Structures are given as C-alpha cells and as structure tokens.
Amino acid sequence: MDKRDELKHPAKFNNKFIPIFAEKLNRYKNVLDPFAGTGKIGEIKNFGYNGLIYCNEIEHEWCDESNTNVDVWTSVDSEFLEMYENDFFESICTSPTYGNRMADSFKIPNKNSDRKYITYMHYLGRKLTDGNTGSLQWGDKYKTKHKNIYEELYRVLKKDGLLIINIANHIRKGEEIDVCRWTKNILFEIGFSLQEEIKIETQKMRYGSNNKLRVPYEFIFIFKK
C-alpha cells in the first residue's frame, strides 16, 4: 500500500478522473497541482504520463516527499508561487476547494461521538494554515482568494498551456450554489479559453445536513492560456 493511502484527506481526486487527466496531459512535459493534498495527481504516471509532476500543498502533513510518483513538492500558499518563473509550466491540473461545508471549523462537541465530521480541519486534526482555501465558505472571501490564485496560475503557465480544473456545485440551505459557473466566468475574465467540459456522475458522501440533496456530478473543465 502506498504510504499516501493511509493519510486522511477529505477531498482526494475521484478514481474515475485519473485516466482522463493522464490522457489530456500526455503530451505535456510537466504539470503542476497547486492544491495537491496528498499528491494523488501522481497516479497519472500509472496511466502512461511520462512528464515531471510538481505538487504544492500548504499543509505540511499532506505535503510528503515520499511519493515517488511526484517529482517536486512545495508547501506554500498557492497565491504566491514565487519559486516559479513566468511561463514555467506546460500544464496545470487541480481541484480547488468548493466553498462547501468541508470548510467548517467548529469544535467537535463530543470526541467520543460516532458522528462523522468530514472537513479539512477535522481530517487534519488542527486549525488550517493561513491562506488555505479549505477554510473559506462560499462568498466574497472565497471568490477573491480564488481569483488571486487563478491569476497566479495564469502567470506560471506557458502560452497555449493547458489548465484542467475539477470542480463541483454544492447545496447550501436547500439551494444549489453554482460554483462551476462562477469558476468558468472568472477564468474567462483572467484570459483563459475553454476547450472542453466533461460532466461525470459521482457518488457523494451520505453525511451532513444536506446528505439527501447532494449534487450527483462533477465537472472537468479544460482551458488553454
């Protein structure tokens, strides 16, 4: 078993997505995942990807250099990728946070409770590092932070480089929050052009206040600079 399989993270890539990523990225010599978590993007090498894989994860517990499929690890706020020059990457593939209830940061009232809390903070076991988008609920702060990060990704991506974004909507107070539409629009505003979008049905977790109202699909958006 890969050491990473033992690390707790509430939002790893769906296994369905890995071969899709590998196919789309195959001709690119390097790829960055700026929200890498435990580095699951490294699994594209199991599906024929032969380039260099760069992962950035702000939380050092999830940023672990022991994964041999990842060539370079960094651990900084993705808004400030100052170690990389302009136009450094040929491709970027990532899944940003969705602004959903995984951003909750309340204290668990009873540590001996059987109730399951699926949040970034509870899986990590401590308060998130400043700059971690996993602490942001949907709203103005979420939008401002992600816009800044996407502008930084535009800077480090080469002209004609590929940007793959895995994103999904979520339910809040019984209404579907259109995170996908907002993400597409802000990427258009920054200067990316949409090449393809793939809608994939996914099984959602059955926990939480909106467990019967989950959005049963996710999107993979493929952009070019």
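Predicted model: local features only at pLDDT ≥ 70, side-chain atom pairs only at ≥ 80, totals over all residues.
In total, 11 salt bridges were counted. One of them pairs Glu 90 with Lys 158, whose closest N and O atoms are 3.8 Å apart. Glu 90 belongs to strand β4 (residues 89-94) and Lys 158 to strand β5 (residues 157-167), so this pair ties together parts that are 68 residues apart in sequence. The two partners fall into separate classes of accessibility: Glu 90 is buried, at 18% relative accessibility, whereas Lys 158 is partly exposed, at 34%.

A further salt bridge, between Glu 151 and Lys 147, lies within helix α3, where the two residues are four residues apart, or about one turn of the helix. The closest N and O atoms of this pair are separated by 2.6 Å. Both partners are partly exposed, with relative accessibilities of 34% for Glu 151 and 24% for Lys 147.

Arg 181 and Asp 178 also form a salt bridge, with 3.1 Å between the closest N and O atoms. Here Arg 181 is exposed, with a relative accessible area of 54%, while Asp 178 is partly exposed, at 33%. Elsewhere, salt bridges with shared partners join Asp 77, Glu 79 and Lys 145 into one network.

Apart from neighbours within four places in sequence, Lys 145 contacts Asp 77 and Glu 79, together with Gly 131, Thr 133 and Leu 136.

Definitions and conventions: Residues numbered from 1 in each chain as written. Heavy atoms only, no water. Contact = heavy atoms within 4.5 Å. Salt bridge = Lys/Arg side-chain N within 4 Å of Asp/Glu carboxyl O. Buried < 20%, exposed > 50% of the residue type's maximum accessible area, 1.4 Å probe, protein only.
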